[in-house]
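Hello,

Here is the structure I promised to pass on to you. Have a look at it first, and then read on for what turned up in it.

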Amino acid sequence: MSKPNKKKTRQYAVEFLKFGFIPDEHDERKPFCLLCNQTMSNESMKAGRLEAHLKVRHPNNSNLDLEYFKSLKEKFKNRTKLTSLFHAKQAPHTRALEASYEISLLIAKHGKNHTIGEQLIKPAISIFLKTVLQKDDGDIRTMPLSNNTVSNRIDEMGQDVESQLIEKLKLHKFSLQMDESTIRDSEALLLTYVRYIDHEEFQEEMLFCESFETTTTANDIYIKIKHYLDANKIPKENLLACAADGAPAMMGKNTGCLKTMKDENPNMLTVHCVIHRENLVAKKLSPVLNKILQSVIKSKMAIKWKLLKEVHGII
């Protein structure tokens, strides 16, 4: 029994352009006529058939030279497509979306109410465009800056910054500084800062701020730290040192948080905060020095709260 003959697939040749044909965009095995925009079958991919199509269907163009068909090919490639129309429509929307993120970041940095975007910023930009530049403010009206939108933008940027920091801590050695603080309504917080070297420069960032559910014992603090490192898969071996104030829950010799952390990571250094130690000494030395150190501590706490507002958008 004889095997069926395989159907021959013809290939496009460059010289077919002189007949007004290029390969079809969706199937290069088929010829595409630039004059009538018709796609023909692969069987027609022969010089004789393509020439016959040109003379029969387009007799007025049969005597034109190759340069004409080259220019026709360039016009066809540079034609406006449906996808390019969509991209052109999306470009202003993309820029407006980017501006929405930038403005939300400014609102968070300055600790302003999130409704200021719709109530003040958008109207102010619209007035400037219409009065000074004499331009339409259509793009400004479509820019999302509502209260919920600004809140979501700030949360998204905060999560992105945190994820970038976590990825760095997975690869770099770092040290921690922990401090327990109390805000309004007697809510206890654990503030944790991290310091590491990136591109041969020291970097200091807030790692996280979490509230305590009930008590603030050494075990509660340890659980917060351990859960955060484990949840984000940050190796404990990368933790070189940990600093805290002299509170028993932090620096207790037998049951303190730092003691428990050092038991798990023997190579970790424990550091008693220098400012707290100097403050304890200053109380016995000189009222003047004590007053100066109190000013230093207040400045330190102000810097901490400023960073906390920038990262979490707390007002």
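This is a predicted model: local features need pLDDT of at least 70, side-chain atom pairs count only at pLDDT 80 or more; totals for chains, interfaces and linings use all residues.

E200 has a positive phi, near 65 degrees, and is a residue other than glycine. H199 lies in the loop between β4 and β5 as well, and its phi is positive too, at about 55 degrees, although H199 is not a glycine. As background, most residues other than glycine have a negative phi.

Now the overall picture. The protein has 315 residues, of which 32% count as buried. Its secondary structure consists of 11 helices and 7 strands. Among contacts with a separation of 6 or more, 54% link residues 24 or more positions apart. The exposed surface comes to about 20,900 Å², and carbon and sulfur atoms supply 54% of that.

Next, the sheet. Five strands form an open sheet with mixed pairing, in the order β5-β4-β3-β6-β7. β5 and β7 (269-272) are at the edges with a single partner strand each, so one side of each has no neighbour in the sheet. On average, neighbouring strands here are turned by 20 degrees against each other, ignoring direction.

Going through the pairs in this sheet:

- β4 and β5 run antiparallel and are joined by 10 bridges. Within this pair, L191 has C209 in β5 as its bridge partner.
- β3 and β4 are also antiparallel, paired over 9 bridges. They make a hairpin with 5 residues between them, and D185 in its turn has a positive phi of about 60 degrees.
- β3 and β6 pair in the parallel sense, over 4 bridges.

S175 is a handy residue for seeing how these strands line up. Its bridge partner in β4 is R195, and S175 also stands opposite A241 in β6.

Two helices to look at against this sheet are α6 and α7. α6 lies across β3, β4 and β5 and runs at about 55 degrees to β4. α7 packs on the sheet and touches β3, β4 and β5, with its direction at about 120 degrees to that of β5.

What about the interior? In soluble globular proteins, nonpolar side chains tend to be buried together. Here the largest nonpolar core has 29 residues, and M178 and M261 have the most contacts inside it. The elements that give two or more residues to this core include α6 (147-171), β3 (174-182), β4 (188-198), β5 (201-211) and α7 (218-231). α7 provides the largest share, with 6 residues. A second, separate core has 16 residues, including F19, F21, M45 and F76.

Setting aside neighbours within four places in sequence, M261 is in contact with M178, Y222, I225, L239, C242 and M268. Which residues of α9 are buried? They are C257, L258 and M261. These three are on the same side of α9, because they cover an arc of only 90 degrees around the axis. The cover over the buried residues of α9 includes β3, α7, β6, α8 and β7.

Y193 is in strand β4, and it counts as buried because its relative accessibility is 4%, under the 20% cut-off. Y193 and C242 are 49 residues apart in sequence, while their C-alpha atoms are 9.9 Å apart in space.

The other is N61, in the loop between α1 (47-57) and α2 (66-77). Is N61 buried or exposed? With a relative accessible area of 19%, N61 is buried, because the cut-off is under 20%. Leaving out neighbours within four places in sequence, N61 is in contact with L35, L54, Y68 and F69.

Note on methods. Residues are numbered from 1 along each chain as its sequence is written. Side-chain values use heavy atoms; hydrogens and water are left out. Buried means under 20% relative accessible area, exposed over 50%, partly exposed in between (1.4 Å probe, protein chains only). Contact means heavy atoms within 4.5 Å. Accessible areas come from the Shrake-Rupley method with a 1.4 Å probe; for residues, only the protein chains shown count as cover. A nonpolar core is a set of buried Ala, Val, Leu, Ile, Met, Phe, Trp, Tyr and Cys residues joined through side-chain atoms within 4.5 Å. Two strands pair if DSSP finds at least two bridges between them. Axes are lines fitted to C-alpha atoms, for helices over the stretch in contact, and angles run from 0 to 180 degrees between N-to-C directions. The arc is that of the directions from the helix axis to the C-beta atoms.
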